[in-house]
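Please look over the sequence and the structure before reading on.

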Amino acid sequence: MRIFVILSRVPYPLEKGDKLRAFHQLKELKKNNEIILCCITDIQPVPEAELALKEICHEFHIFHLQKWRIYANLLFNILSRKPFQVMYFYQKSIHTSIQKLIAASVPDHIFCQLIRTAEYAKNEHDYPKTLDYQDAFSKGMERRMKKAKWPMTEIFAAERRRLINYENIIFEYFEGKTIISEEDRRYIYHPERKNIAIVTNGIDTQYFHNTLSIQPVYDLVFTGNMSYPPNIETAEYIVKNVMPLIRKTKPHATLLLAGSSPHRRVKALDKHPGVHVSGWVDDIREAYASARIFFAPMQIGTGLQNKLLEAMAMELPCVTSPLANKALKAKDKDDIFEANIPEDYARLIVELLDDPFLRNQLGKRARTFVQSRFSWEASCQQLETVMATKNKAVVV
């Protein structure tokens, strides 16, 4: 197939979940298909991005969002029903350019990642189309709303209503629909939501493997894009709610917060006893290998947590929340440890710190779990099948 792909970011470097998902999906799809890629971005791509894009597509185009148009769109969108994040990424001049590229390339299929890109393709009725919802954004907004303070509660509530409406309406414009987990599919409020195919993420277990010659120097590690609200909230929760309890029993317990673009709230955590905020790490495997336990008590957010897949592949024992494990579906007390409240998190972590054998066994089972269930090759074969099936349906 000739697949025309529209992304709301340049998928490199892989510091965000949607970029990682897109990069690996396109890398697999390129093996059997011709990929024409359009990336819409509000930032300047890194110099290495061009080489990375050549690895995952045959032809690529990068469109830069104009800042003044972003602000104008958001202002004029106040009275509309479209989500602000959809209008943030939409500009008419880019749409016109994409329309011309589609007409010139005559693709067999159009693939849009995230509802943010749907406006660019929804009316291309001459071509079968697939939309990757990835996550249920409306549910993620609801969780952020519950944690926020006024006036942000009102802003998040309004965006949640818009997202629910848009996720439902946009369903009708695409022949194929995919999403990252069964849990996320439940929160797409469309009567035919069961027709959304579950296409999970994978993990490169050859790359993420504990073969680095690094001795652990931290007790705990949490990783992620540290400007992303769910990660900011989680980092603060760990440091302010759980670490003090751990340090009552383990007064010298240490924590590494590793990941790109740390928000000022995350940077401020560096002053707490035993906490180190590293910022960007060139090789994230080094962050995992430098700790004894991966700790991800996610309080908000949706989708499958790639950080958990990576840590488990690195044979790190993982302690997480039921929310984060819903999409993963690891077995509590077998593949992973779950808890709900700070006291239980602290108890489990102290138990693991006191028992190297338990840590070792939990880590090994964690790697076996992700090896058996999360493969980029398998998930992308499923994605390719969704698109091929919809092509046939349209021809008939």
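## A buried arginine

R359 counts as buried, because its relative accessibility is 16% and the cut-off for buried is under 20%. The model is predicted.

**R359 and its surroundings**

- R359 is part of helix α15, which covers residues 356–373.
- Leaving aside residues up to four places away in sequence, R359 touches R292, I293, P317, L352, L353 and D354.
- One of these contacts, P317, is 42 residues from R359 in sequence, yet the two C-alpha atoms are 5.7 Å apart in space.

**The chain as a whole**

- The protein chain contains 16 helices and 13 strands.
- A compact globule of 396 residues would have a radius of gyration near 21 Å, and the chain agrees with this because its own value is 21 Å.
- The C-alpha trace spans about 65 × 45 × 45 Å along its principal axes.
- Of the 396 residues, 56% are buried.
- The chain exposes about 17700 Å², and 51% of that area comes from carbon and sulfur atoms.
- Taking contacts between residues at least 6 apart in sequence, 69% of them join residues at least 24 apart.

**The sheet of 7 strands**

- This open sheet has parallel pairing and the strand order β3-β2-β1-β4-β5-β6-β7.
- The edges are β3 (59–64) and β7 (197–198); each has a single partner strand, so one side of each is left without a neighbour in the sheet.
- Helix α1 packs on the sheet and touches β1, β2, β4, β5 (129–134) and β6, with its direction at about 140 degrees to that of β5.
- Strand β6 (residues 176–179) is joined to β7 by 2 bridges in the parallel sense, and I179 has I198 in β7 as its bridge partner.
- Strand β1 (residues 2–7) is mostly covered, with 5 of its 6 residues buried.
- On one side, β1 pairs in parallel with strand β2 (residues 34–41) over 6 bridges, and R2 stands opposite E34 in β2.
- From β1 the chain passes through helix α1 (residues 17–29) to reach β2, a β-α-β crossover that is right-handed.
- Strand β1 also runs parallel to strand β4 (residues 109–113), to which 4 bridges join it; V5 has F111 in β4 as its bridge partner.
- Helix α2 (residues 49–56) lies across β2 and β3 and runs at about 135 degrees to β3.

**The sheet of 6 strands**

- This sheet is also open, with parallel pairing, and its strands follow the order β10-β9-β8-β11-β12-β13.
- Strands β10 (275–279) and β13 (337–338) stand at the edges with a single partner strand each, so one side of each has no neighbour in the sheet.
- Helix α9 (residues 229–249) packs on the sheet, where it touches β8 (218–223), β9 (255–258), β10 and β11; its direction makes about 160 degrees with that of β8.
- Strands β11 (residues 291–296) and β12 (residues 318–320) run parallel and are joined by 3 bridges, with A296 opposite T320 in β12.
- Strands β9 and β10 also run parallel, joined by 4 bridges, and L257 stands opposite V277 in β10.
- In a regular strand the side chains alternate between the two faces of the sheet.

**A buried histidine**

- H95 belongs to helix α5, residues 92–105.
- Is H95 buried or exposed? H95 counts as buried, because its relative accessibility is 10%.
- Apart from residues up to four places away in sequence, H95 touches Y90, E119 and Y120.

How values were computed: Residues are numbered from 1 along each chain as its sequence is written. This is a predicted model: local features need pLDDT of at least 70, side-chain atom pairs count only at pLDDT 80 or more; totals for chains, interfaces and linings use all residues. Side-chain values use heavy atoms; hydrogens and water are left out. Two strands pair if DSSP finds at least two bridges between them. Contact means heavy atoms within 4.5 Å. Axes are lines fitted to C-alpha atoms, for helices over the stretch in contact, and angles run from 0 to 180 degrees between N-to-C directions. The radius of gyration is taken over C-alpha atoms; the globule rule is 2.2 Å times the number of residues to the power 0.38. Buried means under 20% relative accessible area, exposed over 50%, partly exposed in between (1.4 Å probe, protein chains only). Accessible areas come from the Shrake-Rupley method with a 1.4 Å probe; for residues, only the protein chains shown count as cover. A crossover is right-handed if, with the strands pointing away from the viewer, the path from the first strand over the helix to the second runs clockwise.
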